[in-house]
Amino acid sequence: FVRRCVRVALDHPASDRERSAQLLSALYPSILSSAGILRGLSSLVREVEDLRLDLPDAVTELAHFLARAAVDDLLSPRDLQDLVQDLKHAPPLAREVVETALVLLGPRHASERVLRHWGGSEAGTVAHCKAQVHTLLLEYNAGGDLSEARRCLHSLHVPHFHHELVKQALCLAVEDASAREHVLTLLKALTESMEISSSQMAKGFSRMKEAVADLSLDVPSAQENFAQIEVRAKSEQILCA
């Protein structure tokens with residue numbers, strides 16, 4: 001599916017490429033996995049020499065699809081670095097695609113540039129929502145104002161993206177033990193009131209589970225911390241067992 005979705009988008013205008021990127025993000029991780037997305041994109045990367053015969057900008061556009069997947073948290077930068085190694089015996093042009101994607105992700109404000117490559121506006125984009133959620137959680141953790149956290153969440157008008165709040169909240173709790181009770185209190189309240197659906201809660205936990213290995217590079221106890229949080233979440237019916 002991923003390969004077909006991106007391949008069709010490459011034959012269409014930038015607006016369709018943007019919609020295809022948004023579709024992949026919407027389907028992750030409930031339908032698409034990181035491994036599946038990587039397989040689909042790497043399949044196209046390996047065909048880039050043939051693609052360039054009909055699409056002169058194939059290298060640049062495939063690189064942007066890879067970079068966008070990383071910005072949207074569908075892939076990690078390490079996935080791209082591993083892909084470069086996997087392509088060491090592939091034609092040079094295939095490696096160029098992945099190396100270009102890594103370059104796109106390198107500079108300051110790279111995420112914003114990648115998100116706007118196909119004409120996406122800031123408001124409503126993944127990066128914008130992530131920034132708002134990050135601010136919400138920092139303010140909640142500092143003051144513990146549950147009603148203000150709820151107000152901020154509602155003001156985003158993105159119920160399909162509530163899994164991002166769950167993931168970021170879990171990341172905060174894994175990194176900072178002092179934030180754990182605040183985070184569990186917030187998630188429990190939002191679950192009981194059904195302000196965050198069970199599917200969005202599960203999706204946020206699933207995304208965090210996929211990310212925790214990378215987080216362990218900076219927080220050695222990340223795996224253990226997340227496992228403890230997951231047990232608590234199930235016992236308190238925040239997460240379905």
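**Entry 1: H13 against H14**

I began with helix H13 (residues 198-215) and helix H14 (residues 222-235), which pack at an angle of about 160 degrees with their axes 9 Å apart. This is a predicted model, where local features need pLDDT of at least 70, side-chain atom pairs count only at pLDDT 80 or more, and totals for chains, interfaces and linings use all residues. Residues are numbered from 1 along each chain as its sequence is written, and side-chain values use heavy atoms, with hydrogens and water left out.

My helices are DSSP runs of H or I with at least four residues, numbered from the N terminus. Axes are lines fitted to C-alpha atoms over the stretch in contact, and angles run from 0 to 180 degrees between N-to-C directions.

H13 and H14 are therefore roughly antiparallel to each other (the label for angles over 145 degrees). I noted their crossing as right-handed, meaning that the near helix is turned clockwise from the far one by less than a right angle.

Next I looked up who touches whom, with contact meaning heavy atoms within 4.5 Å. From H13 come Phe205, Met208, Lys209, Val212, Ala213 and Leu215, and they meet Ala222, Gln223, Phe226, Glu230 and Ala233 of H14. By class, I have eight nonpolar, one polar and two charged residues in this contact. Here Ala, Val, Leu, Ile, Met, Phe, Trp, Tyr, Cys and Pro count as nonpolar, Asp, Glu, Lys and Arg as charged, and the others, Gly among them, as polar.

**Entry 2: the largest pocket**

I then turned to open space: a pocket is an open set of points on a 1 Å grid over the protein atoms alone, with protein on both sides within 12 Å along at least five of seven lines, and lining residues have an atom within 4 Å of a point. The largest pocket holds about 600 Å³, a volume being the space filled by probe spheres set on the points. It has 25 lining residues, and Asp73, Ser76, Lys167, Ala211 and Asp214 are the closest to its centre.

H13 turns up again here, giving the largest share of the pocket lining with seven residues. Helix H5 (58-71), helix H6 (77-86) and helix H11 (162-175) also supply at least two residues each. I logged the lining as 12 nonpolar, four polar and nine charged residues.

Notes:
Parallel < 35°, antiparallel > 145°, perpendicular 65-115°, else oblique. 1 Å grid on protein atoms, 1.4 Å probe; cavity = no way out; pocket = protein on both sides within 12 Å on 5 of 7 lines; lining within 4 Å.
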